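I am opening these notebook entries with the structure itself, so that each look-up can be followed on it.

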Amino acid sequence: MKLNSRKLWNFKGGVHPEGHKSLSNSSAIKDAKIPSVLVLPLQQHIGAVANPLVVPGQRVLKGELIAQGEGMVSASLHAPTSGTITAIEERPIPHPSGLMDLCIILESDQEDRWCSLNPIEDPLQLDADAIREAIRAAGIVGLGGAGFPAHVKLNPGAHTEVDTLIINGAECEPYITCDDRLMRERAESILCGIEIMARAISAHHILIGVEDNKPEAIAALNRALQHHKQSRIEIVTVPTLYPTGGERQLIKVLTGKEVPTQGIPLDIGIVCHNVATAARVEQAVVHGRPLISRVVTVSGEAIPRPGNYEVLFGTPMADLIAEAGGTIDQQPATIIMGGPMMGLPVTDSATPVTKTCNCLLIQPVQPRPTLHQPCIRCGECAISCPAQLQPQQLYWHARAKEFDKVQDEHLFDCIECGCCSWVCPSQIPLVHYFRFAKAEIWSQEREKAAADIARERHEFRQLRIEREKAERAELMKRKKAALAKKKKSGVSGSKESIAAAVERTKAKKAALAAKEAKAATEPSAPPTPPPDATENRTDEGEQREI
Ligand code: SF4
Ligand code: SF4
């Protein structure tokens with residue numbers, strides 16, 4: 001075991017906001033109540049939407065597969081408890097757009113009966129594909145907030161070598177303490193999950209980065225590590241600085257390496273996962289339990305009992321807030337999913353907790369929204385930016401809807417950490433402008449893609465019409481030519497046939513005249529008696545012969 005013997009690096013920028021972690025970090029993880037109705041969005045992850053496998057009226061058991069991940073990048077969904085599917089319909093989801101999306105509605109029977117599970121006794125004997133398959137089947141996504149399917153990240157490809165697996169236990173955002181509690185209480189599970197993931201990618205080195213404001217978590221991990229004598233896991237304490245928990249920033253701090261712009265950590269031989277993801281990998285592979293719940297911090301100044309809860313996915317946020325004592329004096333409050341720096345405002349408390357929800361921050365409503373002042377070009381935002389961007393330039397272009405220019409300023413390198421907004425003396429909500437610009441650009445790209453498809457279809461149709469027209473014209477031309485040829489040959493044939501007919505008529509007339517002349521020179525024969533009606537034709541023939 002090594003502790004702090006590793007050289008650390010700094011990343012540029014970063015800020016030191018007040019942590020507010022003590023509000024919730026001393027309360028142990030509690031199981032939240034099973035809600036009466038669970039709302040399960042089909043898309044709780046990055047990638048293709050899951051395909052529902054259930055129908056209204058169907059009974060399901062806890063852990064049963066209810067929606068299948070589709071394609072390479074997707075994640076399956078499992079019933080968080082037992083009950084009956086009552087509908088598949090659009091409901092509010094936690095998304096910056098505030099739009100509704102398709103959800104499976106599950107009415108719980110409060111019996112919480114598991115389906116049969118497939119635990120694996122010795123997961124470290126599994127090969128990489130079998131580990132990835134177990135993780136894929138369990139619907140595990142990155143629980144640090146992004147929601148990228150974990151099995152995809154654990155598949156570097158046959159020809160890519162992974163030097164280091166980095167486990168992110170930094171949890172740098174204020175108020176959030178769910179990973180801290182998880183490391184304190186489930187360190188053994190985390191370490192086991194890490195060993196399984198390291199086996200899947202054949203990582204040479206394994207580092208767990210934890211900020212130095214979590215001494216109990218670091219101690220718990222070190223205690224658990226004593227049971228893993230042969231482990232290559234290295235626990236590294238890193239200085240508390242927001243946003244050290246950003247993937248690129250933690251990689252820089254621990255290894256000194258920079259993930260290239262537009263690149264991914266794997267480009268520099270690194271795979272990064274969150275501590276909570278590691279714990280769920282252990283649950284999935286060792287115990288066969290799919291991902292149906294997560295630890296969520298419920299904190300903020302507007303609730304009486306901040307804490308950490310194991311929450312079933314689909315639990316309405318209102319239920320969880322009620323579990324934390326509701327709002328103090330029933331005052332109106334704002335709900336933020338995530339922390340104060342990167343979180344998303346939630347306008348409907350019926351919105352469900354999903355796989356990417358690590359925190360509900362419940363704050364008193366501000367009496368009046370603060371109006372921001374004009375930019376004074378102080379440059380503080382650029383100094384604080386860990387992505388080394390020029391936030392004030394981004395702001396000007398985003399505000400003016402100059403989306404080409406905002407991309408020239410590398411908008412998509414912005415990790416939306418909120419440092420620039422945090423330091424801005426004019427209190428400009430810079431990140432909101434950047435999110436708006438990104439959403440507009442994506443929307444324009446979607447529209448452009450749709451227009452391109454429509455144009456291609458139109459062009460293809462025109463081509464088809466032109467081709468069919470040309471084919472018809474060619475056919476007509478050929479028919480006309482054939483007709484003309486036939487007509488030409490048909491006219492001469494007609495003359496010949498008329499001449500032949502004339503000849504035939506003449507011959508007939510001559511034959512008739514000869515017959516009449518012959519008849520006139522011969523005596524008349526007696527009339528032939530009619531055949532007996534009772535005789536058959538054979539008899540008649542025989543009689544004639546006789
Ligand atoms: S910190 Fe605010 S006021 Fe200063 S340059 Fe940036 S946007 Fe302008
Ligand atoms: S939100 Fe974006 S622009 Fe602002 S500091 Fe963070 S990375 Fe830089």
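Which residues surround ligand 1? I found Cys-375, Ile-376, Arg-377, Cys-378, Gly-379, Cys-381, Gln-392, Cys-424, Pro-425, Ser-426, Ile-428 and Leu-430 around ligand 1, where a residue is near a molecule if one of its heavy atoms lies within 4 Å of it.

I note for the record that this is a predicted model, in which local features need pLDDT of at least 70 and side-chain atom pairs count only at pLDDT 80 or more, while totals for chains, interfaces and linings use all residues. Residues are numbered from 1 along each chain as its sequence is written, chains are lettered from A and ligands numbered from 1 in the order in which they are written, and side-chain values use heavy atoms, with hydrogens and water left out.

**Ligand sites**

By class, I read eight nonpolar, three polar and one charged residues in the shell of ligand 1; here Ala, Val, Leu, Ile, Met, Phe, Trp, Tyr, Cys and Pro count as nonpolar, Asp, Glu, Lys and Arg as charged, and the others, Gly among them, as polar. The space that ligand 1 takes is the largest cavity, a cavity being a set of points, on a 1 Å grid over the protein atoms alone, where a 1.4 Å probe fits but cannot get out.

For ligand 2, I looked up the space taken, which is the second largest cavity. The shell has 13 residues, of which Cys-385, Cys-414, Cys-417, Gly-418 and Cys-420 come nearest. Helix H12 (419-423) and helix H13 (430-521) are the elements that give two or more residues to this shell; helices (H or I, at least four residues) and strands (E, at least two) are DSSP runs, numbered from the N terminus. Eleven nonpolar, one polar and one charged residues make up the shell of ligand 2 by class.

**Gln-44**

I then turned to Gln-44, in the loop between strand E2 (37-41) and strand E3 (51-52). Is Gln-44 buried or exposed? Gln-44 counts as buried because its relative accessible area is 5%, given that buried means under 20%, exposed over 50%, and partly exposed in between (1.4 Å probe, protein chains only). A polar atom of the Gln-44 side chain lies 3.1 Å from the backbone oxygen of Pro-41, and a polar atom of that side chain lies 3.1 Å from the backbone nitrogen of Lys-355. Leaving aside neighbours within four places in sequence, I list Leu-77, Phe-313, Thr-354, Lys-355 and Thr-356 in contact with Gln-44, contact meaning heavy atoms within 4.5 Å.

**Backbone**

I found a cis peptide bond between Tyr-242 and Pro-243, with omega about 5°; Pro-243 sits in the loop between strand E11 (233-238) and helix H6 (247-255). Glu-171, not a glycine, has a positive phi of about 40°, and its place is in the loop between strand E9 (164-169) and helix H3 (178-185). Glu-171 is buried at a relative accessible area of 9%. Gln-388, also not a glycine, has a positive phi of about 55° and is partly exposed, at 46%.

**Helix H6**

Gly-256, with a positive phi near 80°, follows H6.

How values were computed
1 Å grid on protein atoms, 1.4 Å probe; cavity = no way out; pocket = protein on both sides within 12 Å on 5 of 7 lines; lining within 4 Å. Sits in = over half its atoms within 2 Å of the grid points. Polar contact = N/O pair within 3.5 Å; in protein donor to acceptor, adjacent residues only side chain to side chain.
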